[in-house]
Amino acid sequence: MKRFRKLATLLLTITSLFVFVNCFDLGDSKKSDDQNILALVAVAGLNPIAGNYNYYNGTSDYPGGTYTAPGNEIVGTYNISLSLVTQTMFDETYGNSYLYGEIQEIDTNKKVIYVRFRSDSSFSQGSYGWYRWTIKDGKTYVCPDLSDVSTQTTLASAKDDDLDYYSDPSDINAGCGLNSGFDPAPWSRLELN
């Protein structure tokens, strides 16, 4: 029933936006249309991946690695709202880590959420970063910014990152954290909890 209500609310919101957008002449250029649609999405506060999730490493058949659990073990949670991305990383040895990213901007064309990490985060406090998402085989995957977030002190610096340089959505099991100084990691598979 909860899922039906969420789906009905989402459908009503999208339909309302469609009607609202079609009430205006958004111009002839595709770029102009895209910018206006992004502005409407931002104004409406829509976040296409909002929800409370358990997350896993890579695909469900990902075998795991030296520092990564296999794809059938929960390794943390994501709670994504209209204004905040909360990421909890489970670690029995050193204790859990927490990131609280206040959403600064959502770019639905690039499939990226730009955040500024709050002072109560386990690391990257005050820095900016991004969470890139992709959909593959009906599953949602997220790659957190591993591109030296500590040097990203403005939203512009986070937006200057070449997303394709640091993440490859075609390689779910080893396409996150590319060229960042970390070993390529799996994308995080989100499953509603």
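How many of the 6 residues of β7 are buried? In this predicted model, the answer is 5, so the strand is largely enclosed by the rest of the structure.

**View 1. Cys-143 and Cys-176 form a disulfide.** Look for the two sulfur atoms, which sit 2.1 Å apart. A pair of cysteine sulfur atoms counts as a disulfide within 2.5 Å, and by this rule the count comes to 1. The torsion about the S-S bond is about 90°, so this disulfide is right-handed.

**View 2. Strands β6 and β7 form a hairpin.** Here β6 (residues 128–136) runs antiparallel to β7, and the two pair over 6 bridges. To find your way around, spot Tyr-131, which stands opposite Pro-144 in β7. Now follow the chain to the turn, where 2 residues lie between the strands. In this hairpin, Asp-137 takes a positive phi near 50°.

**View 3. Strand β7 also pairs with β8.** This pairing is antiparallel and spans 3 bridges. A handy landmark is Tyr-141, whose bridge partner in β8 is Arg-189.

Terms used:
Residues numbered from 1 in each chain as written. Predicted model: local features only at pLDDT ≥ 70, side-chain atom pairs only at ≥ 80, totals over all residues. Heavy atoms only, no water. Buried < 20%, exposed > 50% of the residue type's maximum accessible area, 1.4 Å probe, protein only. Helix = DSSP H or I, 4+ residues; strand = E, 2+ residues; numbered from the N terminus. Pairing = 2+ DSSP bridges.
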